[in-house]
Amino acid sequence: MSLYDDIKGTKNQNRLRISVVQGGVKQLARLLNFFKKDTFSDRLIKIQSGDSEEREKLIQEYIPFVIKTISNHINRYLESENSEEYSIGLEAFNEALDKYEASRGSFIGFAELVIKSRITDYLRKIKKHSKTLSINQLEESEENWSSDSLKTEDFTEKIALKEEIQALEKQLKAFDITFQNLVEEAPKHRDTRSKALEIAGFIVNHQELRDELMRKKNLPSSRLVQDMGVTIKMLKRSRKFIIATVLILDSELDGLKQYISGGKGGVSHGL
C-alpha cells in the first residue's frame, strides 16, 4: 500500500470519528431536553399566560442570542451598554414571546426574524426612511427562513462538551445503553420524567443503592418499590433514563451535572 493510500485511509477514519462524535452531540442534546421539568413550549405557555418571573428568566437566558442576532445583522459586534440597537433587540424578543404561535414554526427562527426586522426598521428611521415592517410581512417571510436557523437545541449543545460525551458514552456501554436508546426511550410525559429524576436522585443519595446498581448493572428495583412507592412497570420503562441520570449525577461530568441539578429545569430533590 502506498503512502498516499495510508494518508487517505487515515483521513477517512478521522472523518468517521468526527461524524460519530457530532452524532453523539446531537443525540445527547435532544436527550437533555427530556431532563427538563418544563420544556421550552411549557415555558412559553406560562409566559403568555402572564408569568412575569418566567418571562424575565427566559429573556436573561437568551441575551447572548439577541446580541448575536443583532451583531450578525449590522455586521459589527454589538456593545450592549448604551446601545439603542440592544434595547430594541430585547424589546423585539419580548414581542416575539407575546406573538409567537406554534403554527409559525421554530420560536427561535421567529424571534430572530422579529429582532432583525425591528433593527432594520430602526436603521431605516435613522436614514429618514419611515417604512415599518409589519407583523404580516414577518408571516409572509416565514417561507424564506434559513434551514440552518438557530434552534433551541443549540443552547443545550453548549454544555454537551466532547470530553463529557465520550466519558458518558463509555460508562453507558457497561450497561449496554446507547445515546440512541436514551433518545428513543426517555419518558415523554413530564410527570413520569420528574419521577424518574427523583428516583435517580434517591439512588445517588444512598451509597448502598449506588453500589448495587454498579455491581448488578441494573436498578435496585425492590428497594425503590418499597421506599418510593413506584411500580416495577414504571422502573422498567424508565430504566435506561434513570441509569443515565445516576451516572451523570454520580460523576465529575460537571457540565451535564449542572444542567440536570441546576437552574435549567432539572431535579431539585436534595441534589
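Mentor: Let's start with a term for how helices cross: a crossing is right-handed if the near helix is turned clockwise from the far one by less than a right angle, and left-handed if anticlockwise. The crossing of α3 and α5 is right-handed, for example, and we'll come back to that pair. This is a predicted model, in which local features need pLDDT of at least 70 and side-chain atom pairs count only at pLDDT 80 or more, while totals for chains, interfaces and linings use all residues. Residues are numbered from 1 along each chain as its sequence is written, and side-chain values use heavy atoms, with hydrogens and water left out.

First, the whole chain. It has 15 helices and zero strands (DSSP runs numbered from the N terminus: H or I of at least four residues for helices, E of at least two for strands). Of its 271 residues, 42% count as buried (under 20% relative accessible area, with exposed over 50% and partly exposed in between, using a 1.4 Å probe and protein chains only).

Now for the part I'd look at closely: helix α11, residues 190–204, against helix α14, residues 232–249. Their axes are 8 Å apart and the packing angle is about 55° (axes are lines fitted to C-alpha atoms, for helices over the stretch in contact, and angles run from 0 to 180 degrees between N-to-C directions). That angle makes α11 oblique to α14 (under 35 degrees is roughly parallel, over 145 roughly antiparallel, 65 to 115 roughly perpendicular, and the rest oblique). This crossing, too, is right-handed. On the α11 side, the contact is made by T192, R193, K195, A196, L197, I199, A200, I203 and V204, and they face M234, L235, S238, F241, I242, T245, V246 and L249 of α14. Sort those residues by class and you get 12 nonpolar, three polar and two charged (Ala, Val, Leu, Ile, Met, Phe, Trp, Tyr, Cys and Pro are nonpolar, Asp, Glu, Lys and Arg charged, the others, Gly among them, polar).

Some of these names come back in the largest nonpolar core, where I199, I203, L224 and I242 touch the most other members out of 33 residues (a core is a set of buried Ala, Val, Leu, Ile, Met, Phe, Trp, Tyr and Cys residues joined through side-chain atoms within 4.5 Å). Two or more residues each come from α9 (162–173), α10 (179–185), α11, α12 (207–216), α13 (221–228) and α14. The biggest contributor is α14, with 10 residues. A separate core of 27 residues includes F40, I67, L78 and I88. In soluble globular proteins, nonpolar side chains tend to be buried together.

Zoom in on I242: leaving aside neighbours within four places in sequence, I242 is in contact with A196, I199, A200, I203, L219 and L235. K240 also lies in α14, and this lysine counts as buried, at 18% relative accessibility. Not counting residues up to four places away, K240 touches I177, N181, L182 and E185.

At R190, in helix α11, the relative accessible area is 37%, so R190 is partly exposed. R190 sits 151 residues from T39 in sequence, yet their C-alpha atoms are 8.6 Å apart.

Two loop residues are worth a stop. D176, between α9 and α10, has a positive phi of about 60° without being a glycine, and D176 is exposed at 65%. K217, between α12 and α13, is another non-glycine with positive phi, near 55°; K217 is partly exposed at 31%.

Back to α3 and α5, for comparison. Helix α3 (residues 52–61) and helix α5 (residues 84–99) pack at about 130°, with axes 11 Å apart. That makes α3 oblique to α5. R55, L58 and I59 of α3 meet L90, F93, N94, L97 and D98 of α5, and by class this contact has five nonpolar, one polar and two charged residues.

Notes. Contact means heavy atoms within 4.5 Å.
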